[in-house]
Amino acid sequence: MATFGKTSDGASTTASTTDNKVVSAGTPASSGTVASMTCRLWLSGAQTTEWRGVIYSDDGGALTTNSTLLAVTDDGSFSDTAETAQTLNFTGGNAISVTASQQYWIGFHIAAPGGGVSWTMSRDATADGRKVNGDDVFVGGSASPWGADITSLAGPIDCYVTYTDTSIKT
């Protein structure tokens, strides 16, 4: 198995109490089929919240309002109150093929936990390393295309895709 995205633990964090869609750029070194997504996420208090992994298309080296939702993981939930690597699987038609050296926008779509509890993600602090859409509510699925709200913030987020490298002969 191979990975693309940010596998290391970032030195910064961001917390929020609202539904959000958050992505950073990732480029696979080889072609293959996606299997799972892992993101470092946790909650500020006793609560459970839902999330899903998302992969959006690149549009000329950028995430734009025209970037298409290519795949989503199965929905999952977590209740961890310390930094934890959360992993969800791509199944069925969402186990898409990715192309070597092609940039993708990978990340998560998360539901507001409620009850005054916030969700937190781990990230780096490079300028413009993540894109956020706070207009896309979790219930009802993730929007395609991305949508009009593209906020650029420090990142990239601690999130990566694990995939089967089809260039390796077994």
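1. From the N terminus on, the elements of the chain run β-β-β-β-β-β-β-β-β-β-β-β-β. The count comes to 0 helices and 13 strands, where helices (H or I, at least four residues) and strands (E, at least two) are DSSP runs numbered from the N terminus. This is a predicted model, in which local features need pLDDT of at least 70 and side-chain atom pairs count only at pLDDT 80 or more, while totals for chains, interfaces and linings use all residues. Residues are numbered from 1 along each chain as its sequence is written, and side-chain values use heavy atoms, with hydrogens and water left out.

2. On overall dimensions, a compact globule of 170 residues would have a radius of gyration near 15 Å, and the 15 Å of the chain agrees with this. The radius is taken over C-alpha atoms, and the globule rule is 2.2 Å times the number of residues to the power 0.38. The C-alpha trace spans about 50 × 35 × 30 Å along its principal axes. Of the contacts with a separation of 6 or more, 83% are between residues 24 or more positions apart; contact means heavy atoms within 4.5 Å.

3. Buried residues make up 49% of the 170 residues. The classes are buried (under 20% relative accessible area), exposed (over 50%) and partly exposed (in between), computed with a 1.4 Å probe and protein chains only. The chain exposes about 7,200 Å², of which carbon and sulfur atoms supply 48%; these areas come from the Shrake-Rupley method with a 1.4 Å probe.

4. The largest nonpolar core has 28 residues, and Val-34, Met-37, Leu-41, Trp-51, Ile-55, Phe-108 and Val-161 have the most contacts inside it. At least two residues of this core come from each of β1 (2–5), β4 (32–43), β5 (49–57), β10 (104–110), β11 (119–133) and β13 (159–165). Strand β4 gives the most, with 5 residues. Another core, of 7 residues, lies apart from it and includes Val-23, Tyr-56, Leu-63 and Trp-146. A nonpolar core is here a set of buried Ala, Val, Leu, Ile, Met, Phe, Trp, Tyr and Cys residues joined through side-chain atoms within 4.5 Å.

5. Ser-36, in strand β4, is buried, with a relative accessible area of 10%. Leaving aside residues up to four places away in sequence, Ser-36 touches Thr-87, Leu-88, Asn-89, Phe-90, Tyr-160, Val-161 and Thr-162. Ser-57 lies in strand β5 and counts as buried at 17% relative accessibility. With the corresponding sequence neighbours excluded, up to four places away, Ser-57 touches Leu-63, Ser-67, Thr-68, Leu-70 and Trp-105.

6. The C-alpha atom of Ser-57 is separated by 9.1 Å from that of Pro-145, 88 residues apart along the chain. Pro-145 lies in the loop between β11 and β12 (151–157), and the peptide bond from Ser-144 to Pro-145 is cis, with omega near 0°. A cis peptide bond also joins Gly-155 and Pro-156, with omega about 0°; Pro-156 lies in strand β12.

7. Ser-101 is not a glycine, yet has a positive phi of about 65°. Ser-101 is found in the loop between β9 (97–98) and β10, and is exposed, with a relative accessible area of 64%. Asp-128, likewise not a glycine, has a positive phi of about 60°. Asp-128 lies in strand β11 and is partly exposed, with a relative accessible area of 46%.
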